[in-house]
Amino acid sequence: MTFPSSALLAQSVLSGVFVGALYGLLGLGLSLSWGLLRQINLAHFALAFLGAYISYQLASVGGMDPLATLLVIAPCFFAIGAGLQWLFARFEVTPLNSLLVTFGLTVIVEALIQWLWTADFRRLESTYGDAKFRLGSLYVPVPELLTLGMAIALSAAVWATLRYTDLGRSLRAAAEDAPVAAAFGVNERALALVLAGACAALAGAAGVCLALSYTLAPSQIYTWIGVVFAAVMMGGLGRAFGPLIAGIVIGVSEAVTMALTAPSWAPLVSFSLLIAVLLLRPEKL
Amino acid sequence: MRAFAPILLAGGALATIPWWGLPAFYESFLYLVLHWIVLATSWNILSGYAGYFSFGHGAFFGAGVYATATLASRYDVPFLWTLPAAALVAAVFGVLLGAVVFRVKRVRGELFALLTLAVTFVLATIVLNTPLDGGPGIYLSAVPIPKLGPSVASSFYLLALAAAVGTVAIAYAIYRSKFGTGLFAIHDDEDVAEVMGVPTYRCKLAAFALSCALAGLAGGIHALFVSYVTAGETFSITVPLTVVLMSVLGGTRHWAGPALGAAAITALTYAFTAGDVAIAGKAFTGVVLIIVILFMPQGIVGYVMARRRRPADAAVPAARATATAQAPVSPPPDTDHGPMLEVRGLRKAFSGVQALDGVDIDVRRGEIVGLLGPNGSGKSTLINVISGHYRPDAGTLQFEGRALPVRKAHRIARAGIARTYQIPRPFAHLTVLENVALPAMFGAAALNRVAAERDARQWLEFSGLAGKSNVLPEDLNLHQRKFLELARALASRPRLLLLDEVLSGLTPGEIDAAVDLIGRIREQGTTIVLVEHVMRVVMALADRIVVLNQGRVIAEGLPADVMTQAVVVEAYLGKPRDARS
C-alpha cells in the first residue's frame, strides 16, 4: 500500500463529498416516506432513473437545458407519487408489503425503461457535461457541484417546511400518533398524498442530477439501493439533513478507501459503518 | 406425521423423472424450481415463522457457493463431500452473526432486514478482494460430477430433489413442533413469548442456524451447476429479493407456502425468457406480484387457509363466562418454609423517575395479596420486574428459597411464575387454543404439544372460552380477551400468579364472573398477587393488602385495617385541608 499525495487525497475527499451528496439526495425522499409514511419505497430508485432518462430525452433530443427539465419532471412525478399513495391507502398496505409492492413497481419501470431506451448505456451530453474549474490544486466538476448545491437546497427546504410550517407540524404529528393527530383536525390522508407526491418529486430531482453526472443503464437501478439505504438508516428516518450528512460521511470514507487501497474495497467501509450504527446506536431511530 | 408421507411419496415419484427419457431441458428447469424451493423454504424457517425478515439470504447461499468452489477447485475435495462443509460454513457464519445481532433488542423488523443486507455486501467485498475469489471468479468445469442419474443434468436434478424434499420435510416438522409454536409466538410478540417461557434467543439462533445451513447446501450444489462462480453474481440482490417474493407470494406462515411461491415464480420467469417477450415478461412478473400482495396480503396458502377457517367460525356458539368446568389438577405445593416470594430493597428508575424506591414485600404460599396504590405508584413496574421484563437497579428477588434469574424472563416462567397483562397481549396470528397451549408447553408445566393442547382445552372450558378455541384473538371482545389472558397464565400451571388489573374495563356482571374464577384458581393452591383498582373485588378476595405509593410500601395488613389508615387515605385523596396548615 503506497500512501497517496495530499493533493490526491484532497481530491478523493472532494469526490467523496460529491458522491455523498447524490446519496443524500436519493435518500431524502426515501427517508421521508419511511419515517413519516411508514413505507419502504424501493420504487424511489426506479422513479429516480425514470426521471434521469426523461431528463436525458428532453435535453439531448428536445434540446432543453438539463436543469430546466426539472420544471417538467417535478410536477409529473408529484402526480405519480400522489397516485401511488392513493393506491397504498386504498389497500392498506403494511410497511413490509410496501417493500414488495414497490419492488414490483421497480421491475415494471425497469422493463419500461428497457423497452423505450434499450439496455444500452446512455450519456447526457450537455453544456455542463465536462465543465470543471480549478480551486487551488483541486479540480471541481460543475455537474457534481450542481448536485451538491441541489442536495443542500432541497434538504434545507424540507427542514424548514417540517419545522416552521403548519404542513410540516401536521406531518410530524401524524407520524407520531395518527389517531390523536386526526382528533386534533389533521387530515392524515390528504397529508400523505402531498408527502408522497413531494417524495416522488424529490426522486425526480435526484434523477436529473444522476443524468448530469452518470452514465445510465436500466440495470443500474439496483446498484444504488444498498448504499443509499445505509445513508438513510445512518441519518435517522424522517430527518431532513440526516441522509445528506450520512451520505457524505459514507461517500468520503469510500473515496478515501479507494485512494488508499483498491476501489473494490470501498463497500466494506460503508456497510461496516452501517452495521456498527445499527448495533451500537444507543437510542431508538 | 400426516404430511411426511405425501412429501416423501412426491419426492420418490419425482426421482423417477430422469429415466422417463425427457429432453435435458426439463431436468435443468426442474433443477431451478427445486433450487429455489430449497432457498425460499429455508429462508422461511427464520424469517417467515419468527418474522425476522432477512435480506441476507444471499450471504449464506454465497458462503455455501464459495465453500464448495474453494474446496473442490483448490483442495480437490470430492464434490459430494464439499456439500456438508458448505452447509456447515453457512451455519457457523449465521450462528456467529445471530449471537451478536439477536442480543440487541432494537434490531428487529426493518433494521434486521437492513443489517443482513449490509452483511451480504461486506461478505461479498471480502470474498472479492481475498484469494477466495480475487476478482476473476472460479472455474469449476474440471471438477468431476458423480454420476447419480443417466446424465449430468439428471445428477444435479436428483441432488436438488433430495435437498428440496429434506428442506420441506424439516420446515413441516418445525411447523408441527413445539419449537415452531415458539417461533410463531416470537413473530407476534417476542416480549410476551419470553415471559410465557419461550427461550426466544435460543429459538431464533437455532432457526437461523438451520435456515443458513440449508441455504449453504443449496449454494454448494449450485456452484457446480453453474460451474463458474463470480462474487458479483453470487452476492447480488437477486437472491434475497427473489426468496422474499416467493415466500410472500406463497404465504410465510405455512410450511408449504414458500415452495408453492418458488414453483410459481420460477415457472413464470422461465416462460418469458425467450427473446422478444423478455421485457414484457419482466413487467408481467411485476404486475402479478403487485396484484397478489394487494389482494392476498397473506399469500396464496394464507388466503386459502383463511377461506377455509371462516365458515367454521359461524357455527361456534357464544361462550358463557359462567362456565363451571372443573380445572385441571395443579401440581402439589412444595412443603418448604418461609415466604414463597421474598422481595428486598427493590429499586428501579426510568430516566430520572424512581418507579420503585426500595420495596420489601413477602408473599406467603396460598394467599391472595392485593397490591394497591394510586396511578404511577409502581405496581405495574413491580410486576414487570418480578416477571423478568425489566432488570432491577438494586435489590433481591427470592422465589421458593432461590434467587430469581435477572432479566431471563423465560427461566422465571419455568420456575413457576406467570402473569397477565393489563391490556391483553394475545398472539394475534395464533388461534385461541394455540395461545393457551403455548404457555403449557414452555411454562412450568413443560408439556409436549399434544398434552398441551389437551390441557389448553380444559383451561378454555375453565375460563368459559371453550366455544372459541379455533378463532383468532381479534374476534374476541374485551372481556373474552381478559379471560384469554387468565387462561394463558393458568395454562403454564404457575405456583405464583401475578394478575395485573384483569378486571379493568369489565361490566359488573363480568366482574362477578371473574371474581368467581379467581376464587376457584386459589382453591387449587395457586398463590396470587392481585393488582386491582376495583375495591370491592380486592376486599372480597384478598387475604392481605400491600399499598404502594411513589415506589414505596406505605402500608400493609388485613384489608379492613389497611384501608382506614391515614397514610393510605392521604395517598389516594390528599391531605385534609386543616392537616396541611
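## Strands and sheet in chain B

In strand S4(B), Val363(B) is the bridge partner of Leu341(B). The model is predicted. Leu341(B) also stands opposite Phe399(B), which belongs to S6(B). Further along, Leu346(B) faces Val359(B) of S4(B).

Strand S3 (residues 341–350) and strand S4 (residues 353–363) of chain B pair in the antiparallel sense, over eight bridges. Their hairpin has two residues between the strands, and Ser351(B) takes a positive phi there, near 30 degrees. S3(B) also runs antiparallel to strand S6 (residues 394–399) of chain B, and five bridges join S3(B) to S6(B).

Together, four strands of chain B make an open sheet in the order S4-S3-S6-S7, with antiparallel pairing. Its edge strands are S4 and strand S7 (402–403) of chain B, each pairing on one side only. Strands of a sheet pair through backbone hydrogen bonds, either parallel or antiparallel. Helix H15 (residues 379–386) of chain B lies across S3, S4 and S6. H15(B) runs at about 65 degrees to S4(B).

## Positive phi in two loops

Glu400(B) sits in the loop between S6 and S7 of chain B. Its phi is positive, near 50 degrees, although the residue is not glycine.

Ser227(B) is another residue other than glycine with a positive phi, here near 60 degrees. Ser227(B) is found in the loop between helix H9 (200–226) and strand S2 (228–229) of chain B. This serine has 14 C-beta neighbours inside 10 Å, so Ser227(B) counts as partly exposed.

## Two domains of chain B

Chain B is divided into domain 1 (4–307) and domain 2 (341–580). Taken over C-alpha atoms, the centres of the two domains are separated by 44 Å. The domains touch: 19 residues of domain 1 are in contact with 23 residues of domain 2.

On the domain 1 side of chain B, helix H7 (178–188) and helix H8 (190–195) each supply at least two residues. H7(B) gives the most to this side, with seven residues. What kinds of residue make up the domain 1 side? Seven are nonpolar, six are polar and six are charged.

## Where chain B meets chain A

The contact between the chains takes 33 residues from chain B and 34 residues from chain A. Which of them gives the most? H5(B) does, with 13 residues.

The chain B side divides into 26 nonpolar, four polar and three charged residues.

## A helix pair in chain A

Within chain A, helix H1 (residues 6–37) packs with helix H10 (residues 242–260). The angle is about 145 degrees, and the axes of H1(A) and H10(A) are 6 Å apart. The crossing of these two helices is right-handed. Their contact holds 17 nonpolar residues, 10 polar residues and one charged residue.

Definitions and conventions
Residues numbered from 1 in each chain as written. Chains lettered and ligands numbered in written order. Predicted model: local features only at pLDDT ≥ 70, side-chain atom pairs only at ≥ 80, totals over all residues. Axes fitted to C-alpha atoms, helices over the stretch in contact; angles between N-to-C directions. Left-handed = near helix turned anticlockwise from the far one by under 90°. Nonpolar A, V, L, I, M, F, W, Y, C, P; charged D, E, K, R; others polar. Contact = placed C-beta atoms within 7 Å. Domains from an automatic or database assignment. Pairing = 2+ DSSP bridges. Buried ≥ 20, exposed ≤ 12 C-beta atoms within 10 Å, placed from the backbone.
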